[in-house]
Amino acid sequence: MTRRSCTIYVVGITCAVLLAVGIGLFAGQVFRTLMNNRLKKEIVLVEGSRVFDSWKKPPPPVYMQFFFFNVTNPDEFIAGGKPEVKQIGPYTYREYRYKDNVSMVANGKMVSAYNTKSFVFLREKSVGDPAEDNITTVNIPAWAVMNNVKGSFFKSSMVSIWMNSLKSGLFTTRTVDELLWGYEDRLLVRVAGTKPEVETVFGLMYKKNGSNDGEFIYHTGEQNYMDYGRIETWKGQRELTFWSSNYSNSIVGSDGSAFHPLLDKDERIYIFTPDLCRTIYMEFEKDVEVKGIPAYRFTPPRSVLASKEENPDNEGFCVTPKECLGTGVLKVSPCRKGAPVVASFPHFYLADGKYVAAIKGLSPERTHHQTFLDLNPTTGVIVRAHKRAQVNILMQRITGFPSTRFLNETVFPVMFLNESVEIDDASAEKLKKLLLISNLVSNFPLVIVGLGVILLLVFVILLCQARKQKSSAEDDTAYSPVNDKEKEDPQNGTYIGLTPKADVEA
């Protein structure tokens with residue numbers, strides 16, 4: 001066997017092995033499984049893990065924007081007319097958030113933490129000065145007091161007299177700072193004289209700057225990667241007590257800051273939000289890309305805030321059978337000390353058309369009013385998010401308060417917020433490197449198959465060259481006639497030329 005023949009055999013065998021091994025590894029997803037198992041071990045909430053420090057103090061900047069609905073015709077609305085509002089905003093704040101008092105519990109299987117937030121005003125990203133800009137809006141303290149005493153003729157009459165003497169009407173004009181961070185309300189001061197537990201200061205964000213929502217206990221994800229960041233308890237409770245069904249009171253999913261790796265498009269993502277006093281869910285909408293990072297966009301479907309007729313599971317969110325609102329709104333008075341607060345998406349996005357039609361100046365749009373999460377499916381990391389929610393007040397006629405006698409029942413918008421985050425450049429580069437490594441390792445069998453294909457081409461070339469050389473050698477050793485006479489020999493024998501014998505005598 002020649003050296004060339006040995007080379008051909010070696011190349012052929014190597015090619016066959018590489019193709020067989022590569023196709024087998026790819027079909028069995030061996031390297032992808034190894035990489036996924038590695039990610040499951042790395043993405044856990046324990047000291048020293050890849051994600052623990054960024055979970056405690058997320059590096060991307062978070063911004064909170066507030067938009068207010070300034071009422072331009074309050075007297076006309078009180079007289080029974082259609083209200084008109086004008087959106088004013090944004091008033092933008094940089095939100096600093098971190099996990100405080102972090103400690104491992106349950107023998108290291110879970111972690112306890114408090115979500116602390118603080119806000120710093122950003123004038124360059126705002127439309128005006130919150131200390132100077134005035135907003136005419138619903139007098140929420142007055143409506144809270146009226147709702148708490150309705151049904152009692154004596155209490156309603158007393159509060160009505162107080163409101164008249166204090167000139168506390170159904171609407172109020174306050175600065176943005178006062179509406180957000182609090183002001184002392186004269187009616188609440190009067191009520192606190194008989195009920196000391198009543199807070200005399202009101203603000204939509206009162207006591208939320210530098211504070212937290214209470215203790216959360218999370219699963220670390222070590223036992224099951226699907227449990228990464230999942231809430232076990234909130235304020236020591238495994239379920240809420242505000243609503244009338246187990247489904248409505250359930251505390252499910254994460255707090256919106258951490259999601260398990262290896263996301264699937266078909267799964268629902270559950271998020272517990274203390275501001276809404278409930279768990280909501282999101283579903284896959286589309287593939288997106290943020291700073292070169294692939295992501296799945298998840299967003300709440302209409303069914304989350306659907307009426308009990310559209311989604312029977314939501315019947316438990318009805319405060320009473322008579323206080324069950326339509327699609328797109330949620331009355332959260334059970335967790336707001338009885339105040340007639342109603343939550344929705346901005347401009348009643350995804351809500352029944354009647355809520356938009358009742359107020360002039362509203363225009364729901366998906367681009368500006370949709371809540372969504374863009375999550376990298378491999379790691380579960382948030383690469384972009386917008387949480388948008390609107391605060392409304394249910395305004396209606398209340399017996400004992402003559403100023404409400406002409407009102408049409410209206411879910412009246414007060415303010416909506418837009419809490420947004422996008423991954424910073426440094427974190428994006430780190431994530432892209434991690435994804436590159438993950439893709440290379442996961443697709444390593446394809447590299448093996450590629451080498452096999454290259455060797456297959458080399459093998460074919462060597463075979464062709466060997467066949468060509470063999471043909472040339474056969475041609476060199478083949479019989480060929482020595483002259484034309486041999487070609488013309490009819491007997492096809494060997495031509496022997498005889499020379500006549502010379503005459504000796506001659």
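Q: Which residues touch the most other members of the largest nonpolar core?
A: In this predicted model, Phe66, Phe68 and Trp143 touch the most other members of the largest nonpolar core, which holds 100 residues. Helix H5, residues 140-149, gives the most to this core, with seven residues. Apart from this core lies another one of 10 residues, including Ala295, Ala428, Leu434 and Leu435.

Q: What makes Val138 and Leu407 contacts of Trp143?
A: A contact requires heavy atoms within 4.5 Å, and, with neighbours within four places in sequence left aside, Trp143 is in contact with Val138, Leu170, Pro340, Ile393, Leu394, Met395, Gln396, Ile398, Thr404 and Leu407.

Q: Why is His386 called buried?
A: The term buried applies under 20% relative accessible area, and His386 has 18% relative accessibility, so His386 counts as buried. His386 has its place in strand E16, residues 382-395. Not counting residues up to four places away in sequence, His386 touches Gln370, Thr371, Phe372, Asn418, Glu419 and Ser420.

Q: What makes the pairing of the His386 and Arg388 side chains a polar contact?
A: A polar contact needs a pair of N or O atoms within 3.5 Å, one able to donate a hydrogen and the other to accept it. The side chains of His386 and Arg388 make such a contact at 3.3 Å.

Q: Why is the pair of Glu199 and Lys207 called a salt bridge?
A: The limit is 4 Å between a side-chain nitrogen of Lys or Arg and a carboxyl oxygen of Asp or Glu, and the closest N and O atoms of Glu199 and Lys207 are 3.2 Å apart, which places the pair among the salt bridges. A search of the whole structure finds 23 salt bridges. In general, side chains of opposite charge can pair when their charged atoms come close.

Q: How do you know whether Glu199 and Lys207 are buried, partly exposed or exposed?
A: Exposed means over 50% relative accessible area and buried under 20%, with partly exposed in between. Lys207, at 56% relative accessibility, therefore counts as exposed, whereas Glu199, with a relative accessible area of 32%, is partly exposed.

Q: Why can the salt bridge of Arg268 and Glu283 be said to tie together parts of the chain?
A: The side chains of Arg268 and Glu283 meet in a salt bridge at 2.8 Å, N to O. Arg268 lies in the loop between helix H9 (246-249) and strand E10 (269-273), while Glu283 lies in strand E11 (residues 278-290), so the pair ties together parts that are 15 residues apart in sequence. Arg268 is partly exposed, with a relative accessible area of 38%, and Glu283, at 27% relative accessibility, also counts as partly exposed.

Q: What makes the pair of Arg384 and Asp374 a link between distant parts of the chain?
A: The side chains of Arg384 and Asp374 meet in a salt bridge at 2.8 Å, N to O. Arg384 is in strand E16 and Asp374 in strand E15 (residues 372-375), 10 residues apart, and the pair links these distant parts of the chain. Both Arg384 and Asp374 are buried. Salt bridges that share partners also join Glu95, Arg97, Lys117, Lys208, Asp275, Lys387 and Glu419 into one network.

Q: What makes Ile13, Val17 and Val21 a nonpolar surface patch?
A: Patch residues have over 30% relative accessible area and no salt bridge, and nonpolar side chains are joined within 5 Å. Val21, at 41% relative accessibility, counts as partly exposed, and Val21 lies in helix H1, residues 3-28. The patch made by Ile13, Val17 and Val21 covers about 260 Å².

Q: How do you know that the peptide bond from Gly89 to Pro90 is cis or trans?
A: Omega for the bond from Gly89 to Pro90 is near 10°, and the bond is cis. Pro90 has its place in strand E2, residues 85-105.

Q: What makes the phi values of Lys167 and Lys291 worth a look?
A: Most residues other than glycine have a negative phi, and most peptide bonds are trans. Phi of Lys167 is near 55°, a positive value in a residue other than glycine, and Lys291 has a positive phi of about 50° although it is not a glycine. Lys167 is found in the loop between helix H6 (153-166) and strand E5 (171-175), and at 75% relative accessibility it counts as exposed. Lys291 is found in the loop between E11 and strand E12 (293-299), and at 34% relative accessibility Lys291 counts as partly exposed.

Conventions: Residues are numbered from 1 along each chain as its sequence is written. This is a predicted model: local features need pLDDT of at least 70, side-chain atom pairs count only at pLDDT 80 or more; totals for chains, interfaces and linings use all residues. Side-chain values use heavy atoms; hydrogens and water are left out. A nonpolar core is a set of buried Ala, Val, Leu, Ile, Met, Phe, Trp, Tyr and Cys residues joined through side-chain atoms within 4.5 Å. Buried means under 20% relative accessible area, exposed over 50%, partly exposed in between (1.4 Å probe, protein chains only). Helices (H or I, at least four residues) and strands (E, at least two) are DSSP runs, numbered from the N terminus. Patches are made of residues with over 30% relative accessible area and no salt bridge: like charges are joined within 9 Å, nonpolar side chains (Val, Leu, Ile, Met, Phe, Trp, Tyr) within 5 Å. Accessible areas come from the Shrake-Rupley method with a 1.4 Å probe; for residues, only the protein chains shown count as cover.
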